[in-house]
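This report concerns the architecture of one chain and its contacts with a partner chain. The sequence and structure are shown first.

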Amino acid sequence: MKSPVSRCVEVRPVARLPALLGSAVVTPAWAASGLDTPASLIGWAVAGLIAVGALWRIRALTHAAQAERRQHEGTLRAQAELLSALPDLHDHAQQLTAGIASVQTAADIHRTALSEVHQSVAGAAKRLGDLAVALEAEAPPPAASTDSAASPLLDLEPVLLALDAAAGGLGEKFTRLHERTDEIAQAVAALDKVSERINLLSLNAAIESEKAGDRGHGFVAIAQEIRRLADHTSAASLGIARHVARAREVVSEGVMSVERFQSEVHGGVNVVRTAMGPTPALQMPAGTEDERLARALRDCQTTAQALRVSSRALGTEDERAAERLRELGRLAQQLTSVLQHLQVGGPGAAP
Amino acid sequence: MLVIPFWIGQEAYAVASADLYGVLPRPLLRSMPGGPAGLLGVFNYRGRWTPVLDAHFLLGGVSARPALATRVLLCHTKVPDVALGLLCEKVTDALTVDPAAWSAPGVRLGDAPWLGPLQTSGGITVQRLFIPHLLTPELAAALDSLESPA
């Protein structure tokens, strides 16, 4: 746009008025020109319009300058917010790493407890199997008297008592396993909150980066990467949470199976004691004890089988959770590496 | 151009990051009994009572479900330095979109002037939301009264 002075120069041949706004210049020029008054007035009007235009232009320029200053201030504010978000991001990344470590520790303890449960279940199942084989081998023929059956029954009682004790131990182990599973669930929930917080921080960082203009564009990409890692962490912890929930169900089933197992072993012991009692023949017909004992043992074996299934299912869930944990570990490393890069380069230096 | 998408059911909407102050976790809201439908309440944001609207209610007729990813988009309004919160579900990502790729849906929506143009980015079709148009006259009147000092 042309300046007010240049406009006045263009006007001059028409109005024959000096293109200057000050009356000190206009008055002598008007006197010297010998123009009549109406023409001079038109000239003045044109000059006034030019002056208004110039003022309008100055106003627009001032507004533009103010807008630019505001944008610059916004950029500075956005950069300051970004820089202030960085320690928070680092803090949360550290919390995330610590959270993953705590999940890993809880998972290790869980694995140890699970291994004990495996051994106990396998031991109990083996004893039951041996007992069943022994009972079958030493069982008297159906016509034999109850006196002759006393010998295998005498051997049975200590074995069943040992099984009863083992079942009690197994119950404790399952309870411990339940507690460890709860610990993992808590650690995973904490992890999820931290990754959500990181996601939120990176979202706001991206918004601020966009406001920061060219200097913030690099950070948009970094914030996206941080968000991706946080999302993957969230997804992995969700996966672990699912496995943990499944493991909890299996542990609960295991606890119930152990209780059933214990009750069945108790039943077996009672059958043996009844059979060995002073007047078994008066209480029930011959052969009833054997049938009851065999039934009790069958029940015990079925429950032990269910326990083995639970134990195996727990092992599978544990392996899957471990896999997710390894993934989490990798994500934590990547996140730390991205944040370290950011700390060294700063948001402006980011690619 | 950076946009912050959110989801209502299977459909994504987006608010331009330039229209936002930021994203907040769902704050503790002070309810406003007798307020217009869609107004969840107000919360104190940096010393100013800021209204929060339920985007799900306004766009889908159902309330947003509480979840970690249900967050408040703190939007600019026509009044400088006065923000308006919009509670949205699944606010977890920011999308970089081509500002020239927005195109009109081809349907005249006289009753829904807040629904802006559409674009597909990264396999997701997002519709831009114009926040000032989201305010019905009733809501706008209620918010005006909230904006005036007590």
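The model is predicted. Chain B contains 3 helices and 10 strands. Read from the N terminus, the elements of chain B follow the order β-β-β-β-β-α-β-β-β-β-β-α-α. Chain B has 150 residues, of which 38% count as buried. Where contacts in chain B link residues at least 6 apart in sequence, 51% of them join residues at least 24 apart.

The largest nonpolar core comprises 97 residues. Within this core, the residues that touch the most other members are Ile4(B), Val15(B), Leu73(B) and Leu86(B). Helix 4 of chain A, residues 146-211, contributes the largest share of this core, with 18 residues. With residues up to four places away in sequence left out, Val15(B) touches Val3(B), Ile4(B), Leu20(B), Leu73(B), Cys75(B), Leu129(B) and Ile131(B).

At the interface, 13 residues of chain B are in contact with 12 residues of chain A. On the side of chain B that touches chain A, strand 1 (2-8) and strand 3 (20-25) of chain B each supply at least two residues. Strand 3 of chain B provides the largest share of that side, 4 residues. The composition of this side of chain B by class is tabulated below.

| Class | Side of chain B that touches chain A |
|---|---|
| Nonpolar | 8 residues |
| Polar | 4 residues |
| Charged | 1 residue |

Terms used. Residues numbered from 1 in each chain as written. Chains lettered and ligands numbered in written order. Predicted model: local features only at pLDDT ≥ 70, side-chain atom pairs only at ≥ 80, totals over all residues. Core = buried A, V, L, I, M, F, W, Y, C linked by C-beta atoms within 7 Å. Buried ≥ 20, exposed ≤ 12 C-beta atoms within 10 Å, placed from the backbone. Contact = placed C-beta atoms within 7 Å. Nonpolar A, V, L, I, M, F, W, Y, C, P; charged D, E, K, R; others polar.
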